[in-house]
Amino acid sequence: MCQHQPPCPPADATDRQAAHVVVSHPEQGWSLLCNGTALFEDTGALLPGGQSIPPHRPAVTSVPAPPASGCRRAAQGGPVRRHDPRPSADER
């Protein structure tokens, strides 16, 4: 099916997703590769013989973000000081 030189990986290869896209429908969430593999936006795939490959997205982990500088003081009603990159009068 593939006419590229060098030829794209076949549908049964582990690097099947490296094949060229021949039809793309991002609004529908899928693309067809030149090796006959249909790729879906959830990273799943449908091979030419009908075998499905389940999605293999990495698990999303929740990492708490550190508080922004001065947030604690502002939340407690205290003054919020911002860094001014200009030199002070004493430094000039």
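Analyst: Let us start with a polar contact, meaning a pair of N or O atoms within 3.5 Å, where within protein one must be able to donate a hydrogen and the other to accept it, and where residues adjacent in sequence count only if both atoms are side-chain atoms. Here a polar atom of the Asn35 side chain lies 3.2 Å from the backbone oxygen of Arg16. This is a predicted model, in which local features need pLDDT of at least 70 and side-chain atom pairs count only at pLDDT 80 or more, while totals for chains, interfaces and linings use all residues. Residues are numbered from 1 along each chain as its sequence is written, and side-chain values use heavy atoms, with hydrogens and water left out.

User: Where does Asn35 lie, and is Asn35 buried or exposed?

Analyst: Buried means under 20% relative accessible area, exposed over 50%, and partly exposed in between (1.4 Å probe, protein chains only). Asn35 has 9% relative accessibility and counts as buried, and its place is the loop between strand S2 (30-33) and S3. Strands (E, at least two residues) and helices (H or I, at least four) are DSSP runs, numbered from the N terminus.

User: Which residues is Ala19 in contact with, leaving aside its neighbours within four places in sequence?

Analyst: Contact means heavy atoms within 4.5 Å. With those neighbours set aside, Ala19 touches Cys8, Pro9, Leu33, Cys34 and Asn35. Ala19 itself belongs to the segment before S1 and, at 6% relative accessibility, is buried.

User: How many disulfides does the structure hold?

Analyst: A disulfide is a covalent bond between the sulfur atoms of two cysteines, and the working criterion is a pair of cysteine sulfur atoms within 2.5 Å. The structure holds 0 disulfides. Cys8 is in none, the nearest cysteine sulfur being that of Cys34 at 3.4 Å.

User: Which peptide bond is cis, and what is the phi of Thr43?

Analyst: For backbone geometry one reads the torsion angles. The peptide bond from Gln5 to Pro6 is cis, with omega near -5°, and Pro6 lies in the segment before strand S1 (21-25). Thr43, although not a glycine, has a positive phi of about 75°; this residue sits in the loop between strand S3 (38-40) and strand S4 (45-46) and is partly exposed, with a relative accessible area of 23%.

User: What share of the residues of the protein chain counts as buried?

Analyst: Of its 92 residues, 20% count as buried.
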